[in-house]
Amino acid sequence: MPYSVLVVAGASPVNDTLVKALKSEFEIQTVKLAHQAVKALNVKAPDLILLDPDLPDMPGLTFLQVLRETQEGKDLPVIFMSAQKTEDSVARAFALGVDDYVARPVDPREMAVRIRAVLRRKYERPQHWGSTLAVGKIFIDPSQRLCQLDGKSVALRPMEFALLEIMMRKSGRVLTRRYLLETVWDMSDSAQTRAVDVMVSRLRKRLGPREAKLIETVSKLGYRLKNPG
């Protein structure tokens, strides 16, 4: 059964063309208003939301804030597509919980690739995932998407978990923003390196003030996870 995608976008020839192309691979439902999207979520939550910022009844980022406060939408993968793509706009979107940010107009083939990448991180568990990892009091089991801190479960979004996993696997090494962008996000767009900073900030908050100190900022390069041994 194909993955389901809810496209929340105002009337636009660009969006219509994109939807037609994506229907060959995904189960697509489209709505033009934020309140229609909320109703659709109450009926059946999709596997992913493709969100346009220019909705007639509510700005897209406002809708995203509302979505993240609901039980149905707090963990749903969201790809944000916007004609504006600056470091500030990307950082703001990631701070509100998007999983990817795509500049419009977008090639349908590129969008399909990005959708597959986000869905893979969220729902698929490849057999090659490694064994459990522990750094200090942080423990993760990639096969179960389980994170524990001093024996207590820590809820992480898929992107946060992927970021923590790669930092734990490479603990003690400096990981550049570009490396993290390409490894965790499957992207190479330098305009989105600001998104790495936002995600690291969110991960630090999830881990709490003591373990957050293990994630060091390395000036002009990136980040390093210290092993407190």
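This is a walk through the structure, stop by stop, with what to select and what you will find there.

**Before you start**

You are looking at a predicted model: local features need pLDDT of at least 70, side-chain atom pairs count only at pLDDT 80 or more, and totals for chains, interfaces and linings use all residues. Residues are numbered from 1 along each chain as its sequence is written, and side-chain values use heavy atoms, with hydrogens and water left out.

**Stop 1: strand 4**

Select residues 78-82, which are strand 4. Helices (H or I, at least four residues) and strands (E, at least two) are DSSP runs, numbered from the N terminus. Five of the five residues here are buried, where buried means under 20% relative accessible area, exposed over 50% and partly exposed in between, with a 1.4 Å probe and protein chains only. In a regular strand the side chains alternate between the two faces of the sheet. Colour V78, F80 and S82 for one side and I79 and M81 for the other: both faces are covered.

Strand 3, residues 48-51, pairs with strand 4 in the parallel sense over three bridges; two strands count as paired if DSSP finds at least two bridges between them. For a landmark, find I49, which stands opposite V78. Strand 5, residues 100-103, is also a parallel partner of strand 4, this time over four bridges. There the bridge partner of I79 is D100.

Next, trace the chain from strand 4 through helix 4 (residues 87-95) to strand 5: this β-α-β crossover is right-handed. The term means that, with the strands pointing away from you, the path from the first strand over the helix to the second runs clockwise. Strand 3, helix 3 (residues 60-68) and strand 4 make a right-handed β-α-β unit too.

**Stop 2: helix 4**

Stay with helix 4 and show the side chains of its buried residues, S89, V90, A91, A93 and F94. What covers them? The cover includes helix 3, strand 4, strand 5 and helix 8.

Zoom in on S89, which is buried with a relative accessible area of 12%. Leaving aside neighbours within four places in sequence, S89 is in contact (heavy atoms within 4.5 Å) with Q84 and Y101. Just past the end of the helix, pick G97, which takes a positive phi of about 105 degrees.

**Stop 3**

Draw a distance from A91 to L146 as you move on: they are 55 residues apart in sequence and 27 Å apart in space, C-alpha to C-alpha. L146 sits in strand 8, residues 146-149. Is L146 buried or partly exposed? Its relative accessible area is 25%, so L146 counts as partly exposed. Not counting residues up to four places away in sequence, L146 touches F139, I140, D141, S153 and F161.

Widen the view to the open sheet of four strands, in the order 6-7-8-9, with antiparallel pairing. Strand 6 (133-135) and strand 9 (152-153) are at the edges with a single partner strand each, so one side of each is left without a neighbour in the sheet. Strand 7, residues 138-141, runs antiparallel to strand 8, and four bridges join them. Check F139, which stands opposite Q148 in strand 8.

Axes are lines fitted to C-alpha atoms, for helices over the stretch in contact, and angles run from 0 to 180 degrees between N-to-C directions.

**Stop 4: helices 7 and 8**

Select 177-184 and 193-212 for helix 7 and helix 8, which pack at an angle of about 85 degrees with their axes 9 Å apart. That makes helix 7 roughly perpendicular to helix 8; angles of 65 to 115 degrees count as roughly perpendicular, under 35 as roughly parallel, over 145 as roughly antiparallel and the rest as oblique. Show R177, L180 and L181 from helix 7 and T193, V196 and D197 from helix 8 to see the contact.

**Stop 5: the sheet 10-12-11**

Finish with three strands in an open sheet, ordered 10-12-11 and paired antiparallel. Strand 10 (175-176) and strand 11 (215-218) are the edges, each with a single partner strand, so one side of each is left without a neighbour in the sheet. Strand 10 pairs with strand 12 (residues 222-225) over two bridges, and the bridge partner of L175 is Y223. Helix 8 packs on this sheet, touching strand 11 and strand 12, and its direction makes about 140 degrees with that of strand 11.
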